[in-house]
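Hi,

Here is the structure I promised to pass on.

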Amino acid sequence: MESQRKLQTLMKITRLYKPYLLFEGTFDDKNAEILRMAKNKAGDDLGRFNFDPRNIDWMDYVLNAHIPGLVKYVVK
């Protein structure tokens, strides 16, 4: 019975991630980069409004926010 439950959970997660794993699109942040450069030239406080995705610790986010959120709210 436990193995059946684990298999069902695995199938649920697989269905959840399938669109993301098989997605062939490309994302870019050209407009955000232009905005960051303009704010930097204007002398604005980039530290207060830093939205540069290169500064995100993605491993930390996935392990400590995303996966625990999935476990708590999705995989019941």
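Predicted model: local features only at pLDDT ≥ 70, side-chain atom pairs only at ≥ 80, totals over all residues.

**Salt bridges and the rest**

R5 and E2 both sit in helix α1 (residues 2-21), 3 residues apart, or about one turn of the helix. Helices here are DSSP runs of H or I with at least four residues, strands are runs of E with at least two, and both are numbered from the N terminus. The side chains of R5 and E2 meet in a salt bridge at 2.7 Å, N to O, where a salt bridge means a side-chain nitrogen of Lys or Arg within 4 Å of a carboxyl oxygen of Asp or Glu. R5 is partly exposed at 45% relative accessible area, and E2 is partly exposed too, at 42%. For those words, buried is under 20% relative accessible area, exposed is over 50%, and partly exposed is in between (1.4 Å probe, protein chains only).

Residues are numbered from 1 along each chain as its sequence is written, and side-chain values use heavy atoms, with hydrogens and water left out.

Now the overall picture. The chain has 3 helices and 0 strands, running α-α-α from the N terminus. Of its 76 residues, 5% count as buried. The chain exposes about 7100 Å², with carbon and sulfur atoms supplying 62% of that (Shrake-Rupley areas with a 1.4 Å probe; for residues, only the protein chains shown count as cover).

Back to the charges: the count comes to 4 salt bridges, and D29, E33, R36 and R54 are linked in a network of them. E33 and R36 are both in helix α2, 3 residues apart, about one turn of the helix. Their side chains meet in a salt bridge at 2.4 Å, N to O. R36 is buried at 8% relative accessible area, whereas E33 is partly exposed at 23%. E33 also makes a salt bridge with R54, at 3.3 Å, N to O. Since E33 lies in helix α2 and R54 in the loop between α2 and α3, that pair ties together parts 21 residues apart in sequence. R54 itself counts as exposed, at 61% relative accessibility.

Helix α3 (residues 58-73) is where V71 lies, and V71 is exposed at 51% relative accessibility. V71 belongs to a nonpolar surface patch with I56, W58, M59, Y61, V62, L63 and I67, about 760 Å² of accessible area together. Patches take residues with over 30% relative accessible area and no salt bridge, joining like charges within 9 Å and nonpolar side chains (Val, Leu, Ile, Met, Phe, Trp, Tyr) within 5 Å.

There are 3 aromatic pairs in the structure. In one of them, the rings of W58 and Y61 have centres 6.0 Å apart and planes at 85 degrees, so the pair is edge-to-face. The rule: rings of Phe, Tyr and Trp (its six-membered ring) pair if their centres lie within 6.5 Å, with planes under 30 degrees apart stacked, over 60 edge-to-face and the rest tilted. W58 and Y61 are 3 residues apart in helix α3, about one helical turn.

Last one: L70, also in helix α3, is buried at 15% relative accessible area. Leaving aside neighbours within four places in sequence, L70 is in contact (heavy atoms within 4.5 Å) with L16, Y17 and V75.

Cheers
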